[in-house]
Amino acid sequence: MFAKSSNRVAVVASAQTSLKSRWANRQHVDLISEAVSAALKGSGLRIEDVDFVIDSGSDILDGRSISNCGFLGAMGAHHKEESRVEEDGLWAALYGATKIGAGSAEVGLLIGYSKPSEGDVSAFYWSQVEPFYQRPVGFGHEAASGLQAQSYLAEHGHSEEIFADVVAHDWAKAATNPWVETDDVPAADAIRASAVVAAPLRELELARAVDGAVAVVITSQRVAERVCPTPVWITGIGTAIDQHAFARRERGSLPAAKVAAEAAYKRAGIGDPTKLSIAEVSASSAATQLMVLEALGLASPGGAPALYRDGSEIHLNPSGGSLPADPIMATGLVRLSEASLQLADRVDHAPAGATSAVVHGAGGVGMQNHCVFTLEV
Amino acid sequence: MRDVAIVGTGQTVHARRRKDVSQAGLVREAVDGALADAEMTLDDIDSIVVASGPALFGAVNQPEKWLVDGLGGHMKPVVRITSGGGTGLAGALAAMNQVSSGFADKVLVVAYDKLSEGALQYQISTLYDPFWGREFAVGIMGFASAYWKARIETLGHTEEAAALVSVKNHKNAFRNPYSHVRKEVTVEDVLNSRPLAWPIKLLDVPPISDGACAVILAGDDVVPQVSAKPAWIRGMSYYGEADNAANRFMLQSVPLQLAAQRVYKKAGITNPRRQFDVAELQEPYTNFELSYYEGLGLCRTGEAAALIESGATEMEGDIPCNPSGGCMGANPIGATALIRLAEAALQVTDKAGERQVPGARTALVQAGGGWANLRGVAVVGADKN
Amino acid sequence: MEAKAATPVMMRGEGLGSAPGENPTFAGRIELPYTLTTGRAASVFLAELANHKLVGSRCEKCGDVAVPAQDFCAACGETTAADFEVAPTGALTGFTATPAGVLAMIRLDGADCDLVHKVLDAELADLEVGTRVAARWAASPAGSMLDVEGFEVSDAAAAGEWPQPFEATADVEPVLEQSYDLRLDYDHAFGPYYGTLFDGIATSRRIQGVRCPRCTCVLVPPREYCDACFVRTEEWVDVADTGTIKAFSVIHMEFVGQVREPPYVYAEIVLDGSATRLIHSIGGIDVEEAKERLHTGMKVRAVWKDAEPTGSLEDIDYFEPVFD
Ligand SMILES: [Zn+2]
Ligand SMILES: [Zn+2]
């Protein structure tokens, strides 16, 4: 996969805490250590075997600076190589994969976590906006999502009814996922009746922020073949960022996601991504989820709603995706964990016979930054 | 799996406050310097790693999302690494892995902090657990001075020895055109300076600076096309230690020793004092430099005071430490570790101007952050391993 | 892979002002003052708002334009500067309403790109793509983006030809700095470990740690995993309110956000029976005397406040040295 390395990198184990609106009786460290210990359990690897830890979390969400520094023990990172990637956890996976690809380590532990219930999700996003032009007018995550949805509908002549189909599909999938806490699984009608919060988007059409942690163990080929009966191979990685000023970006599509996907497919030698078995993608809203699927080449521009209306060859978000459960900073790494567990057939919600997957994570207001992985068993 | 070299470096003119540039403009100034040094343009860069201190330093969360426009990062891989004071080296390590694996051929690492924007000590105090200790925290200074006091008692790292570090680094900073502080001081000046967190006094502490540094890394097959004088990264590592682990040893830094062990092994360093021609150490307080001498094996445990007193770490000594002036010349925290790496690269490529250690071919770099629990080490050489 | 069930432990709760059955949280607040530097282009853009001018930048290399003016071309990275002026009128290209109000993408007359701003006094139903708007200028400009309070629906056509070359107004001082206050509020969960610890402190001045079954060390504050061993801690253990000084220093400096008045003695203390550090202060001794008489390894004991307990480290007023 890497141009200058013959080292293959495999996902050999992963685990997550339950993802829920509020883990009222757990600290960050409690969630993190729970995910890490669960990932190692039964993996054939012990904490002593882990060479390095790369973690994703947010100082602003955590309410403490350099928060990794205080969480090293819970992460199993004591006296290990460690770094914090302050971006969605899929970039931690990128870092870990290059480290193993470079041959400088064999076993990496990747961690993503957050507890948005303790802080202010809006502030997490508006604080990412430059403070002179956009921040003073109240621009943030909700407004970006609404504007993207409006442009998407206008560019393709769709009705806003399509969004509820996407959300209903993902919540129904999430209901089959034991790690997503779903008290009520809203049907399309209920979604269409929920309050408009970022016109034209309704409350349930925006991703639900949840608390949780995920841990993923990646290894070299040598270690994977020794410890894991069904290693899941990372075959491609791509990432790209869009410009900062939201008003000057494409609003009805996600060109950076397209560039990231094309880079990943090129590395993996994937010519036709619609032949992949599984897509586990992240999105801030039902509208951007459609845009992500199009950017990944799984549908033509404006064609993604048909994947929900008419059914799709590729299994879309068997885990439920990020709309029912968005553990900000961990969301993309949860997708990687999920796709790996599904490909290795270690979860009940795994689609039968799946052999390959595309995994997507994003960061920033209006999904400015994108990362794409491809996997196969 | 290929060797990686530094093919360009750039720094801003560091200052207490750079009112003329935004955070983005500050960063760009360093990038322009690195591109000019490497004779490249932004178009040549495949991937960008941004490193900076905590978001609270600049009131912008995930600031790479804003800086990307000034980095020419549109549609490229851009990611930010944050790891406290040593984050510049942590960022370089991420970039090194990108190049070594072949994920990218030419990676721009840029590190910065614009500390004049906010209230630094309080910002640093937010490192502490909100339940446990934040109310008593004094940035990291209270902590750093407390363990220095313990080292004074046990290892003889005296106030006078630390003052010599301040004198040396101030003197060296005077020769560095990027320095923010250009003032020679005497041992008496340091000892008589105002106590901030006793035994730490004003002149034991580096300035608070606005500044940025940029470094361009390239893979060995690309290097001949882009640089006649590469500085090879012969080893680099960054270790963590749980801050409040049981019986955490505070007199020497275990993660520093672990990082040094790993890097020395890779680079074939068995006698650091003899094999290194020069060292660039990130000393947020003078006493840390003394501790690093021991942790990095430049002298034995308890001999740091004797080492500085001997003059060995002066410009004319056998192991000059911080010919750049170290943090004492400028301390834009997030950039500081990358500045150490850039300075080491300048040394081994004979580009360090007035602060050049004659004939330097192998340089030691040290960086760190947090509660002295994040520690990085690198070896940079004119030759490959 | 199954995440394990919650361990039933005593939770911080009754007697501390929380409703029964709830998991109380610790209210954290980070409140920080800043003076931000705006940069070349923004300093001009913001200054010219007082003159009712809206300034953009154009990239000489690739032709990309930006309104407001930017220091760098977002498309190619080239350095740019305030270069042309656009009209204070334009048309909406997109809009949304959030609880914060109506925000829109506005294509100003003479601009080839959009900017984001508020639409004032409008309902969504009044708006469509193409709706004409005009800037409403603030009565007292402050060098901020809000010197345009927002845009209001107006069928006014653009007055004159746009864009126009930008010429800086005479005697305009660039807005190089803006003061900014950041406030972030948190409700931190105590969790079972801190909850038990702080409940014990509040109810009976009892300090509890947990023991690691592998290294047998007692950890305070208690935590689920031993940092060094990454093994689940098992046993709750009471530790003393006496201990030894691991390290100390004397704080003379003052800084924003400081809780105690300097000078005071900062100390890291290992409580008897534990193997971890507790950050607190040492009192009952003059600070100059402390520099002479305190040393690492010295015994100290907690002096508890004679007040209603709050269930935090603040319930200990300070630690006092025990001289042999
Ligand atoms: Zn351009
Ligand atoms: Zn233990």
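Student: How many residues of chain C are in contact with chain A, and what makes a pair of residues a contact here?

Tutor: On the chain C side there are 63 residues, and they meet 57 residues of chain A. A pair is called a contact because heavy atoms of the two residues lie within 4.5 Å. Please keep in mind that this is a predicted model, in which local features need pLDDT of at least 70 and side-chain atom pairs count only at pLDDT 80 or more, while totals for chains, interfaces and linings use all residues. Residues are numbered from 1 along each chain as its sequence is written, chains are lettered from A and ligands numbered from 1 in the order in which they are written, and side-chain values use heavy atoms, with hydrogens and water left out.

Student: What area do chain C and chain A bury between them?

Tutor: About 4,800 Å², with 60% of it on carbon and sulfur atoms. That figure is the accessible area (1.4 Å probe) that the two parts lose on being put together, summed over both. The size of an interface is often given in this way.

Student: Which elements of chain C give two or more residues to the side that touches chain A?

Tutor: Among them are strand S1 (25–37), helix H1 (40–48), strand S11 (177–189) and helix H2 (191–204) of chain C. The largest share comes from S11(C), with 9 residues. By class, this side of chain C has 40 nonpolar, 14 polar and 9 charged residues.

Student: What makes something a strand or a helix in those names?

Tutor: They are DSSP runs, numbered from the N terminus: helices are H or I with at least four residues, and strands are E with at least two. Strand S12 of chain A, for example, covers residues 369–376 and holds Thr374(A).

Student: Is Thr374(A) buried or exposed, and how do you know?

Tutor: Its relative accessible area is 0%. Buried means under 20%, exposed over 50%, and partly exposed in between (1.4 Å probe, protein chains only), so Thr374(A) is buried.

Student: Why is the link between Thr374(A) and Thr235(A) called a polar contact?

Tutor: A polar contact is a pair of N or O atoms within 3.5 Å; within protein, one must be able to donate a hydrogen and the other to accept it, and residues adjacent in sequence count only if both atoms are side-chain atoms. The side chains of Thr374(A) and Thr235(A) are joined at 2.7 Å, so the pair falls within the limit. The side chain of Thr374(A) also reaches the backbone nitrogen of Gly236(A) at 2.8 Å. Leaving aside neighbours within four places in sequence, the contacts of Thr374(A) include Trp233(A), Tyr265(A) and Val358(A).

Student: Where does Leu313(C) lie, and why is it called buried?

Tutor: Leu313(C) is in the loop between strand S18 (299–304) and strand S19 (316–321) of chain C. Its relative accessibility is 2%, so it counts as buried. Not counting residues up to four places away in sequence, Leu313(C) touches residues including Trp132(B), Phe136(B), Phe198(C) and Leu278(C). The C-alpha atoms of Leu313(C) and Ile201(C) are separated by 8.2 Å, though these residues are 112 apart along the chain.

Student: What does phi look like at Ala59(B) and Asn247(B), and is each one buried or exposed?

Tutor: Phi is near 65° at Ala59(B) and near 55° at Asn247(B). Each is a positive value in a residue other than glycine. Ala59(B) sits in the loop between strand S2 (47–52) and helix H2 (64–67) of chain B, and at 2% relative accessible area it is buried. Asn247(B) lies in the loop between strand S8 (231–240) and helix H9 (254–267) of chain B. Its relative accessible area is 52%, so Asn247(B) is exposed.

Student: Which residues does a cis peptide bond join in chain A and in chain C?

Tutor: In chain A they are Ala199(A) and Pro200(A), with omega about 5°. In chain C they are Trp162(C) and Pro163(C), with omega about 0°.

Key: Nonpolar A, V, L, I, M, F, W, Y, C, P; charged D, E, K, R; others polar.
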